[in-house]
Amino acid sequence: QWLRRGWLDYVVALSFCAGIRVPAQTNFSIYSDQLDNGFQNWSWGANNLSSPSPVHSGTNAVNLSGVAWQALSFWHQNFNPAPFTNLTFWANGGTGGGQIVQVYLQYGTNSGPSYQLPSLLPNSWRQFNLPFSALGVVGVTNLNRVNFQLTASGTTNSFSLDDISLAGMAPLHISVNAGQ
């Protein structure tokens with residue numbers, strides 16, 4: 001029995017020494033059928049937060065029927081996005097496609113650099129996963145706005161967004177030295 005007990009202690013200690021993988025935090029939703037987690041619609045341009053079509057998932061998507069330099073903009077009281085590393089969302093160019101949208105985040109009274117998306121495809125959903133490093137907000141503790149702005153470089157047809165969230169927290173590894 002001592003040998004069996006010793007073997008079991010050894011296996012348990014080995015698993016702790018190897019480390020335990022803790023699952024990553026879930027995404028922080030900005031929009032999923034409605035604005036979530038205290039975000040507010042501060043868009044400029046004709047927009048619909050309950051557009052029934054096209055929809056990536058659920059029953060609604062966000063739609064902008066604007067002209068160049070109008071934007072979908074989601075505001076939140078300053079918050080710390082440190083647990084996350086990416087902005088993720090789905091975009092659809094609607095019936096016409098060809099829109100060139102720039103994405104930029106605001107914090108305090110500053111803006112990170114804009115990130116220009118490739119031309120949106122007509123009638124097709126495409127997922128984007130933009131790292132905070134590309135959006136210039138690594139280390140920011142007072143994020144307050146997420147903007148999706150039409151540029152003058154593409155068409156100004158209506159486009160839709162869905163399933164917008166902050167994501168990408170790296171898994172946390174915990175190691176325990178069972179020998180001490």
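**Figure 1. Residues 10-23 in the predicted model.** Across residues 10-23 of this predicted model, pLDDT stays under 50. For this segment the model has 17 contacts beyond four places in sequence. The average pLDDT of the protein chain is 86, and 79% of the residues score at least 70.

**Figure 2. The protein chain, its secondary structure and its surface.** Two helices and 14 strands make up the list of elements in the protein chain. Among contacts with a separation of 6 or more, 76% join residues 24 or more positions apart. Of the 180 residues, 38% count as buried. The chain exposes about 9400 Å², and 55% of this area comes from carbon and sulfur atoms.

**Figure 3. The aromatic pair of tryptophan 42 and tryptophan 75.** Eight aromatic pairs are found in the whole structure. In one of them, tryptophan 42 and tryptophan 75 are stacked, at 4.7 Å centre to centre and with 5 degrees between the planes. Tryptophan 42 belongs to the loop between β3 (40-41) and β4 (47-51), and tryptophan 75 to strand β6 (residues 71-79), so the pair ties together parts 33 residues apart in sequence. Tryptophan 42 has a relative accessibility of 36% and counts as partly exposed. Tryptophan 75 has a relative accessible area of 17% and is buried, because buried means under 20%.

**Figure 4. A cluster of phenylalanine rings.** Phe28, Phe39, Phe79 and Phe84 form a cluster that is linked by ring pairs.

Terms used:
Residues are numbered from 1 along each chain as its sequence is written. This is a predicted model: local features need pLDDT of at least 70, side-chain atom pairs count only at pLDDT 80 or more; totals for chains, interfaces and linings use all residues. Side-chain values use heavy atoms; hydrogens and water are left out. pLDDT is the predictor's confidence in each residue, from 0 to 100. Contact means heavy atoms within 4.5 Å. Helices (H or I, at least four residues) and strands (E, at least two) are DSSP runs, numbered from the N terminus. Buried means under 20% relative accessible area, exposed over 50%, partly exposed in between (1.4 Å probe, protein chains only). Accessible areas come from the Shrake-Rupley method with a 1.4 Å probe; for residues, only the protein chains shown count as cover. Rings of Phe, Tyr and Trp (its six-membered ring) pair if their centres lie within 6.5 Å; planes under 30 degrees apart count as stacked, over 60 as edge-to-face and the rest as tilted.
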